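Trainee: I would like to take a close look at one part of this model, the aromatic side chains and the charged pairs. Please describe how they are arranged.

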Amino acid sequence: MSGLSHVLASPHPDFAPIPEDPGVLRGIPYRDTPGGRPLELDLWRPEGTDPLPLLVFVHGGGWRRGRRDDMGLRMREWTPGPFARLAAAGFAVASVDYRLSGEAVFPAALDDVRAAVRWLSLRARELRIDPDRLVVWGESAGGHLASLLALTEPAVRGAVIWYGPSDLQTPREGFDPAAPHTPEALLLGAAPAAVPGLAREASPIDHVHEDAPPFLLMHGLRDSMVPYGHSEDLAAALPRAELRLVPDADHVWYGLPDEQVAQIFLDSLDFALSHAG
């Protein structure tokens, strides 16, 4: 039985064949999690043969929900979509799954994003990507994870962070670190005040160091879900950071005209291109 089980098992992601497709590769397994779902990524690539700079996108959703192919409310109806636009600009764009807080607590989600970067590096030649030209981009909870990745993964050259939490310990408007049912508590498996060491480990602001890559931090001044002070504090701590606070913008750029959302995207793309090398 054990022999048959071995034969029937899906190929390990490190060795599984990669489909031949010049445009978008969807649902590529990159990590097996014992007892859990296989974790997958989608990869957009422009035509060509040269190794491409790599942009890893991490989705939001309060660490509790969300989809890897969703850059947020305001870009869902774009044609072409945001990832296709990033690829058209010259990036290989990987949008990645990670375990949500209902599946596993921190640091599982960060481990998964790191595993995606490891897998992309391992299969770089086949995928026509250059993992040494890596930029990360995240929004909301994904911005939190992308910040942690940028601050702990030496290969990252730049980070675009949209309205991401940076500190899971400090009381703020709408957030009590002693509350047991907040998204932060569900991420950690306990109220942040009850597990201060883990809360520090999960706070990007506590991982800032002098060699941190450049960050572009963008946040709405009317954000009702993640106070813009998160981005202010992280920008003040980082050695190289550009902070843009956007008037009249709520979370996920709600409340802005379409033209301004498009400009925020273009400005973020320009930053990513300028730091991809």
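Mentor: A residue is called buried if its relative accessible area is under 20%, exposed if over 50%, and partly exposed in between, with a 1.4 Å probe and protein chains only. The model is a predicted one, in which local features need pLDDT of at least 70, side-chain atom pairs count only at pLDDT 80 or more, and totals for chains, interfaces and linings use all residues. Residues are numbered from 1 along each chain as its sequence is written, and side-chain values use heavy atoms, with hydrogens and water left out.

Let us begin with the aromatic rings. Rings of Phe, Tyr and Trp (its six-membered ring) form a pair if their centres lie within 6.5 Å; planes under 30 degrees apart are stacked, over 60 edge-to-face, and the rest tilted. The count by this rule is eight aromatic pairs. W137 and W162 make an edge-to-face pair, because their ring centres are 5.4 Å apart and their planes stand at 70°. This pair links distant parts of the chain, 25 residues apart, with W137 in strand β5 (residues 129-139) and W162 in strand β6 (residues 156-162). Helices (H or I, at least four residues) and strands (E, at least two) are DSSP runs, numbered from the N terminus. W162 has a relative accessibility of 0% and therefore counts as buried; W137 is likewise buried, with a relative accessible area of 0%.

W137 also pairs with F265 in a tilted arrangement, 5.7 Å from centre to centre with 40° between the planes. Since F265 belongs to helix α9 (residues 258-275) and W137 to strand β5, the pair ties together parts that are 128 residues apart in sequence. F265 is buried, as is W137. One aromatic cluster is formed by W78, W137, W162, Y163, W253 and F265.

We turn now to the charged pairs. A salt bridge requires a side-chain nitrogen of Lys or Arg within 4 Å of a carboxyl oxygen of Asp or Glu, and the structure holds 19 of them. One of these joins D42 and R68, at 3.0 Å from N to O. D42 lies in strand β2 (residues 39-44) and R68 in the loop between β3 (52-58) and α2 (82-88), so this bridge ties together parts 26 residues apart in sequence. Both D42 and R68 are buried. R68 forms a salt bridge with D97 as well, the closest N and O atoms being 3.1 Å apart. R68 and D97 are both buried. A network of salt bridges links R26, R37, E40, D42, R68, D97 and E103.
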